[in-house]
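Subject: Structure for you to look at

Hello,

Here is the structure I said I would pass on. Please open it first, then read the notes below it.

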Amino acid sequence: MLNKLLIIDDDLVTIKICELLVTNTQFAKEVTKFVNGKEAIDYFSNYFERKKKKETVEIPPDLILLDLYMPVMDGWEFLDNFIRKYSGRIGDTKIAILSSSINPQDFMKAQEYPEVIDFINKPLLAFTLEDLKQNNDLKKFFN
């Protein structure tokens with residue numbers, strides 16, 4: 001089971017579906033949610049500020065489920081910011097795109113990011129989580 005999962009999506013129904021599936025399938029112990037990429041970047045910024053001040057910090061996420069098209073800061077902007085500022089400092093956090101996009105260019109662009117381990121079409125389904133459990137980057141959490 002993952003220790004922590006982040007969901008970044010502006011659709012509250014998608015977030016609720018993800019939460020229910022993650023809980024029912026015992027995919028992750030903890031779920032944190034954000035409705036846009038900026039909220040998530042602020043979360044990581046605050047995490048490192050607290051860490052720098054030697055304050056108590058929570059465990060970093062093992063996986064991020066990331067929507068691509070959101071207001072304020074979309075998934076692509078989040079990815080670029082996260083990788084540039086935090087990826088090398090946070091540990092082994094992986095990202096799975098969770099999108100309704102059927103644009104082949106989105107799929108190809110996602111493959112350019114080594115942190116992105118999967119491109120999942122919405123809605124998230126229980127068998128998709130089972131497939132993720134078999135991903136080489138996540139297997140260690142489910143043995």
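Are helix 2 and helix 3 roughly parallel or roughly antiparallel to each other? Keep in mind that this is a predicted model. The axes of helix 2 (residues 37-52) and helix 3 (residues 75-90) cross at roughly 20 degrees and come within 10 Å. Angles under 35 degrees count as roughly parallel, and the two helices are therefore roughly parallel to each other. The crossing of helix 2 past helix 3 is left-handed. On the helix 2 side, the contact is made by Gly-37, Ala-40, Ile-41, Phe-44, Ser-45, Tyr-47 and Phe-48. Helix 3 contributes Phe-78, Asn-81, Phe-82, Tyr-86, Arg-89 and Ile-90. Sorted by class, this contact has nine nonpolar residues, three polar ones and one charged one.

Val-57 sits between helix 2 and strand 3 (63-66). Its relative accessible area is 27%, so Val-57 is partly exposed. Not counting residues up to four places away in sequence, Val-57 touches Tyr-47, Arg-50 and Lys-51. Tyr-47 is ten residues from Val-57 along the chain, and their C-alpha atoms are 6.4 Å apart.

With 13 residues at 1.5 Å a residue, helix 1 should span 18 Å, and its end C-alpha atoms are 18 Å apart, so the two agree. The buried residues in helix 1 are Thr-14, Ile-15, Cys-18, Glu-19, Leu-21 and Val-22. They pack against strand 1 (2-8), strand 2 (28-34), strand 3, strand 4 (94-99) and helix 5 (126-133).

Two residues belong to the loop between strand 3 and helix 3: Asp-67 and Val-72. Is Asp-67 buried or exposed? At 4% relative accessibility, Asp-67 counts as buried. Leaving aside neighbours within four places in sequence, Asp-67 is in contact with several residues, including Ile-8, Asp-10, Leu-98 and Lys-122. Val-72, at 62%, counts as exposed. Val-72 has a positive phi, near 70 degrees, and is not a glycine.

Gln-26 is another non-glycine residue with a positive phi, about 50 degrees. Gln-26 is in the loop between helix 1 and strand 2 and, at 54% relative accessibility, counts as exposed.

Lastly, the peptide bond joining Lys-122 and Pro-123 is cis, with omega about 0 degrees. Pro-123 lies in the loop between strand 5 (116-121) and helix 5.

Regards

Terms used. Residues numbered from 1 in each chain as written. Predicted model: local features only at pLDDT ≥ 70, side-chain atom pairs only at ≥ 80, totals over all residues. Heavy atoms only, no water. Axes fitted to C-alpha atoms, helices over the stretch in contact; angles between N-to-C directions. Helix = DSSP H or I, 4+ residues; strand = E, 2+ residues; numbered from the N terminus. Parallel < 35°, antiparallel > 145°, perpendicular 65-115°, else oblique. Left-handed = near helix turned anticlockwise from the far one by under 90°. Contact = heavy atoms within 4.5 Å. Nonpolar A, V, L, I, M, F, W, Y, C, P; charged D, E, K, R; others polar. Buried < 20%, exposed > 50% of the residue type's maximum accessible area, 1.4 Å probe, protein only. Expected span 1.5 Å × (residues − 1).
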